[in-house]
Amino acid sequence: ARFPRGFRQMETMSEVSDGLSRRASSNLRWRPFFTGSRSHWSHGGARRGPAYRLDIGGQSTNRSRPRSSTATPARPTRRAPLLGEATPGLAFDHYAVATAAAAPLDRDRVAPERKLLTADDAAVAVDPLRATWTPVVEALRAGAQAGDAKVPRQGPMTQRGDGSLDLLAVRLVAKAAAFEARALLHEGRGDDAVRVSLAGLTLGRDVLHSGLLINQLIGCAVVAIGVDTWTEARLAHLAPGARELLATGLAALDAQLPVTRDLDAELRFAAEALAAIDGAGGDDLGVGALDSWRYGFSPRWRLASHYLGYADLIRFANATRDLPWPEREAQLRAACAAEEAAGNVFVARLQTVERQLRSAVASVRLLRMALDLHAGREASALPDPLAAAPIAVTKQDGGVRLASADAAEMPLLQRLARNQPDGVASGVSGAGAANP
C-alpha cells in the first residue's frame, strides 16, 4: 500500500507525543485542564487565568485566545455486518486471534508474499502457506460478523496502550483474506470467495472507524487490499449469484465509509500526551528553549499554544465537512500551511490524509459500478469523493471506462471493462491484469 507524506508525519506525531509523555521540564510546572467547554493551562496546578498563564521570576504573562474543548461525544461502535446477521461479542477480540495466528506468515516478509502476489490463482490455491492462513481467515470472518467494533485501548493489537494499531499485523490478516478469496475463486467457490473478501473489507472498515489518524490510514490500506483483489478478469469469472452477493456487500460497505476524517480522537490523543507530562520526569519537551523565545523561552508554553492552534484547526476542519471536496481541500491546505509556518508540532497535512480516505471510498464505488457492467446493467451514477460530480463513465471502442477525478495521478482509480463478443463485460485493470 502506498501512503501519503501525512502517514510518516503521523508516526512523527506519535513519537513526539511519546516524548512528551516521557519527558517534562523540571523548572516550570504546567497542567492541562479540559473540563466542559474550556481548556485552561495553569502554573503550579491551580486553575486560574484565561487560556493559559506563565510565571517567570515572579512575573506573570497572560495570553488570551479562543478556548478549546476536547469534550466529544462517545464514538458509536456497534455496526451491522456487510452480509447476514450480527453475532454477540467484540470484533477486535476475533481480530486479535487472527493477528496471532498470522504471526508465522511474518517470518519472511518478502519472498513468500511477493511470490503469491505475482502467482496465478491456481498456484495460490495449492501453496503450502494456505494451511497457515486458514485459521487467520476463520477468526477474521468471526470478527466481521460480530456486532460491536470497539477497539481496546490496550491489547494484542494495541500494545502501546494508546489505541494505535499495528500496521504489519493488520496487513497480514488482510493479505491472508485476499489470498484465500483468490484460492476459493479458482476452486469455483465464488460465494465463499466473496464472503471472505467482504470479511477483509470489514476489517478495513472497522480499523478506519477506530479513531486515530494512523488507524484511519491503516484502514484505507486494508480496504485497498480488498478492492484490488477484484480485477476485471476475476469479476468475469464470478457466477451471477456471487456477483450480486458482492454488490450487496459493497453497497453496505459504501454506506458505512466516511468521506471526511474523524479528527476528534486525534485531538484527545494529543491532550492525553500533554496531560502525562505532569507525571513524568526529564529536562526537555522535544522543543528547545531558544526556539521558544516568542513564549517567554518556555517550551511548555509553546506546546500549550501549539495544542490550542491544533484544536482551532480541527474545529475549522469539522466546520467545513460539507463543502465540495475541491473547495474543502484548498481551505484545509491553507489552514494547515499557516500552522506549519508557525512551527506547530502537532499538525499533519490534513488535506493529504483525507485525500487517502476519499481515494479508498472512490475505489469501492468504482468496483460497485464495474459490477453493474458485468451484470449487464448501466453503471450506477455514484458521487466521486474526489470531485464535485459523479464518477465519470466514458464509453469507448470495445468497452466502458470508469474514472475518478484523480485517475491521472493515481491510475488505480479507474477501471476499464471491455465488451466481449458474447456481450459479457470483462477485461483487465491495474496490476491484476496479468493475474486473472
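This is a predicted model: local features need pLDDT of at least 70, side-chain atom pairs count only at pLDDT 80 or more; totals for chains, interfaces and linings use all residues.
## A walk through the helices and rings

Now look at the rings themselves. The count of aromatic pairs in the model comes to 4. In one of them, the ring centres of Phe92 and Tyr95 lie 5.1 Å apart with the planes at 85°; because an angle over 60 degrees counts as edge-to-face, that is the name for this pair.

Another aromatic pair joins Tyr310 and Phe346, and this one is stacked, with 6.0 Å from centre to centre and 10° between the planes. Where do Tyr310 and Phe346 lie? Tyr310 belongs to helix H12, while Phe346 is in the loop between H13 and H14, so the pair ties together parts that are 36 residues apart in sequence. Are these two residues buried or exposed? Tyr310 is buried, with a relative accessible area of 0%, and Phe346 also counts as buried, at 1% relative accessibility. Tyr307 joins in as well: ring pairs link Tyr307, Tyr310 and Phe346 into a cluster.

H12 spans residues 299-319 and helix H13 spans residues 325-341; their axes come within 11 Å and cross at roughly 175°. Angles over 145 degrees count as roughly antiparallel, and therefore H12 is roughly antiparallel to H13. On the H12 side, the contact is made by Gly309, Leu313, Phe316 and Ala317. H13 contributes Arg328, Gln331, Leu332, Ala335, Cys336 and Glu339.

Our last stop is helix H10, residues 240-256. How far does H10 reach from its first C-alpha to its last? The helix has 17 residues and reaches 25 Å, close to the 24 Å expected at 1.5 Å a residue. Among the buried residues of H10 are Leu245, Leu246, Leu250 and Leu253, and the list also includes Arg243 and Asp254. What do the buried residues of H10 pack against? Their partners are helix H7 (190-208), helix H9 (232-237) and helix H14 (350-374).

Notes:
Residues are numbered from 1 along each chain as its sequence is written. Side-chain values use heavy atoms; hydrogens and water are left out. Axes are lines fitted to C-alpha atoms, for helices over the stretch in contact, and angles run from 0 to 180 degrees between N-to-C directions. Helices (H or I, at least four residues) and strands (E, at least two) are DSSP runs, numbered from the N terminus. Angles under 35 degrees count as roughly parallel, over 145 as roughly antiparallel, 65 to 115 as roughly perpendicular and the rest as oblique. Contact means heavy atoms within 4.5 Å. The expected span of a helix is 1.5 Å times one less than its number of residues. Buried means under 20% relative accessible area, exposed over 50%, partly exposed in between (1.4 Å probe, protein chains only). Rings of Phe, Tyr and Trp (its six-membered ring) pair if their centres lie within 6.5 Å; planes under 30 degrees apart count as stacked, over 60 as edge-to-face and the rest as tilted.
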